[in-house]
Amino acid sequence: MNWNRKHLLDIESLSAEELLIVMDTARAFKAVGERAIKKVPALRGKTVVNLFVEPSTRTRISFELSEQRLSADIINFTAEASSLKKGETLKDTARNLEALNADFIVMRHPAAGAPHFLARVLNASVINAGDGAHEHPTQALLDAFTIREKKGKIAGLNVTILGDILYSRVARSDVWALTKLGARVTLCGPATLVPRVFEQMGCRVTHNMDEAIGEADIINLLRIQHERQRKTMFPSLGEYASLYGLNRSRLACAKPDALIMHPGPINRGVEIDSEVADCARSLILQQVTNGLAVRMAVLFLVNGGKGPQEVAA
Amino acid sequence: MAEPILNASAIERALARIAHEIAEGNEVPGQVALVGIQRGGVPLAHRLGSLLAGIWTQPVLTGSLDVSMHRDDLDRRAAPNVQPTVIPFDVTGKTVVLVDDVLFSGRTVRAAMDALNDFGRPRRIQLAVLIDRGHRELPIKADFIGKQLSTAANESVQVRLSESGGTDEVVVEKPPD
């Protein structure tokens, strides 16, 4: 099977087979990143616009470096320094970018569904780099890639996602990706941030930390998204840390080979203690490295998804 | 079902001859490496590697190269499934013999030379193919050829090897009417 999508908008609409194509392609791009010359000409002559309407550092620089390693030309566009501040609509901004002959638009936006909208009105390929609390597909792909790389498989693993689920696009994308690939996903955190409604996505919901991590093969921690919470969802960060923060004594209750992940940025002393974040079982920095490979793979695949679909000999 | 152009023993003879030609043209055995182009060239590179190791009585460096990221038609087709590139030696200063099953337009070989240059600067790059079927679109020719075939551009040449199941054979498939 070949990839034949022009856009990457969400994980929900992808099949398990398509997720595996991205992960297999990413493995080849990871090898490129380990060579003396880390650049390939796959997107030579193509223009990528990084349209970040919401602040982002790590996702933006990860996309930017991925694009450079594929030899694309890059335009960076952030909300603070743009005409969006002057009242231009998203559609007009995007049309203007397309008039510059942009081939790809990588977009982060505070509104859920914004990339889907762009994909309908533009000819360029659109890649969702996070839309509101909806999805963050490349994060889920790099998480799945990292889990498979470390555990050798995904099907049958117990993955616990811990923390601010309600406001997290990472959690939603992770749940879609990991359940499609056969993992058993448990969500845990304060009841205000982890409502039972998530059980409809095919995962288990608990508010008891020890129960959540006892059988886990992977513990994926999420940051408390202060910027997205409209009101206080729990009494204090100190209380959150004592009930749901991952520290050494709590980790001692987990399986000895359970691995720790976090999409970053981490808040030391809140959802994760420093000694846990920096221990050998933490995959946090490997996730960053794998993010490059996965984003290169996504750009490479959607580029092919634009052309006629017959495959030459 | 078309009759094979080459059967198993003809393929074996062609590879033995290529191995001897490579040995003749390269008198310093340790300086030669065989790199198979994914996918069809990889098993052939391994077979040539064992044949050459027999002639030289010493192991021969072999690797595999995927050229997908260096193709010139990436936005005209569905993205190819990228196969592993494994070159576990330094190519700089060596004679690298690229190995492929069929030489056609020459575009794959062009991409392979570009991809190989990312790994270092070989002293010399040579090309070995089991079948040269003509219809070149680039100024590229093979140094070692198993068999030359006159084909129509719309025919398809299939090299089937036992490594991927079945028996060794080369067949030319006519386009459907």
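# A guided look at chains A and B

Visitor: Which residues does B:Thr85 touch, not counting residues up to four places away in sequence?

Guide: Happy to start there, with a predicted model in which local features need pLDDT of at least 70, side-chain atom pairs count only at pLDDT 80 or more, and totals for chains, interfaces and linings use all residues. Residues are numbered from 1 along each chain as its sequence is written, while chains are lettered from A and ligands numbered from 1 in the order in which they are written. Two residues are in contact if their C-beta atoms, placed from the backbone, lie within 7 Å. By that test, B:Thr85 touches A:Ala31, B:Ser64, B:Leu65 and B:Asp66.

Visitor: Is B:Thr85 buried or exposed?

Guide: B:Thr85 sits in the loop between strand E2 (61-65) and strand E3 (95-103) of chain B; strands (E, at least two residues) and helices (H or I, at least four) are DSSP runs, numbered from the N terminus. A residue is buried if 20 or more other C-beta atoms lie within 10 Å of its own, exposed if 12 or fewer, and partly exposed in between, with C-beta atoms placed from the backbone. B:Thr85 has 22 other C-beta atoms within 10 Å, so this residue is buried.

Visitor: How many residues of chain A are in contact with chain B?

Guide: On the chain B side, 17 residues take part. Their partners in chain A number 24 residues.

Visitor: Which strands stand at the edges of the four-stranded sheet in chain A?

Guide: This open sheet has the order E2-E1-E3-E4, with parallel pairing; two strands pair if DSSP finds at least two bridges between them. E1 (residues 47-52) and E2 of chain A, for instance, pair over six bridges. Two strands have a single partner strand each, so one side of each is left without a neighbour in the sheet: strand E2 (73-78) and strand E4 (125-131).
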